Amino acid sequence: MRRDIFQAIADPTRRAIIALIALQAMTPNALAEHFDTTRQAVSKHLRILTECELIKQEHKGREIYYQLEINKMKEIDKWIEQFRKIWETRFNQLDDLLSIIKK
Amino acid sequence: MNSDLLFDFSVNKENKTVYIVREFNADLELVWKAWTTVELLDQWWGPKPFVAKTKFMNFEVGGRRFFAMVSPEGQERWFIQKFTSISPKTNFKTYNTFADKDENPELLGSEWDFNFSEQNGTTKVSITIYNESLARLEKMIEMGTLEGCAMQFKNLDELLETLSQK
C-alpha cells in the first residue's frame, strides 16, 4: 500500500503524535502515556508515520526515540502553495476576461 | 490585475475541505455569466499553461459539463461536473469526478459549492470544495505538481515581477 504524508495526517491520534514529537523526540512508552489507547495502537500509528517518512527512529542506548522529519512536513505546505497558485492563475485570467467583456 | 481584490485560500486537511474566496471587479451579472457560460468558462478555467476544453455543458439541475484540461503537450485529463443545485446569480453546487475520455467517472468525487454576491460593483465568489478522500484532494492538483508545470508558474512569477519593476 502506498503511504504518503496525507495519510499520516488523516488520523487525529497521528496528528496528536506529530504535535507531541514536534516539541521533543520521545520514546513509544512516553508517547503512549498521552493516549487512552493501547500501547499496540500507538505502535501501529508510529509504524504508519514511519512508513510515511514523517518521523524517524533514533537509538539512544537501549531506548528508541521518535523524532519529526521537519522537511517532510514542509511538503504539505509546498503542496498547498501549488494548489493556491493554480487558482491564482485561473482568477487572474478571469480578471482579464471580465475586463474585456465589460466593454 | 487589481491587487486590492480579496483572495483567500485555505485548506482544512482535517475535514478534507478547501475554501476559496475571491473578489472580481465586475458586476454580479457578468461574473455569473463567466462562471456558467461554456464559451466564457473555457477562456479562463485552464490555469496556464493548461487550456480547458469543454465537450458539452448543460447548465441545469441534473445536467453535466464534460471537460478536459489540456496540457501544452496535448495531454488530456477529463472531468465530469454534475450540477446538483442552481439558484440563479446566487449559488450553484456541483459534484465533480475524474473521468476517462469516454465519460466513465471514477468512484470518488468532490462536492463543490459556489456562492456569488455583489457589493458596490465588486462581486465576491466563495467556493467550498469537499473531497471524499484526502488522496483525491491530492490528485486534484496532480497536474499542478508536475515539476515542469511548477517551474512554469515560478517563471511566470519572476517574469511578472521583473515587468512590474520597470
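In chain A, 56% of the contacts with a separation of 6 or more are between residues 24 or more positions apart; two residues are in contact if their C-beta atoms, placed from the backbone, lie within 7 Å. This is a predicted model, where local features need pLDDT of at least 70, side-chain atom pairs count only at pLDDT 80 or more, and totals for chains, interfaces and linings use all residues. Residues are numbered from 1 along each chain as its sequence is written, and chains are lettered from A and ligands numbered from 1 in the order in which they are written.

Chain A has 5 helices and 2 strands, in the order α-α-α-α-β-β-α from the N terminus. Helices (H or I, at least four residues) and strands (E, at least two) are DSSP runs, numbered from the N terminus.

Now helix 4. Which residues of helix 4 of chain A are buried? They are Val42(A), His45(A), Leu46(A) and Leu49(A). Buried means 20 or more other C-beta atoms within 10 Å of a residue's own, exposed means 12 or fewer, and partly exposed is in between, with C-beta atoms placed from the backbone.

Seen down the axis of helix 4 of chain A, the buried residues fall within an arc of 100 degrees, so they line one face of the helix; the arc is taken over the directions from the helix axis to the C-beta atoms. An α-helix has 3.6 residues a turn, so residues three or four places apart point the same way. On the other side of helix 4 of chain A, Gln40(A) and Arg47(A) are exposed.

The buried residues of helix 4 of chain A pack against several elements, including helix 2 (12–23) and strand 1 (55–60) of chain A.
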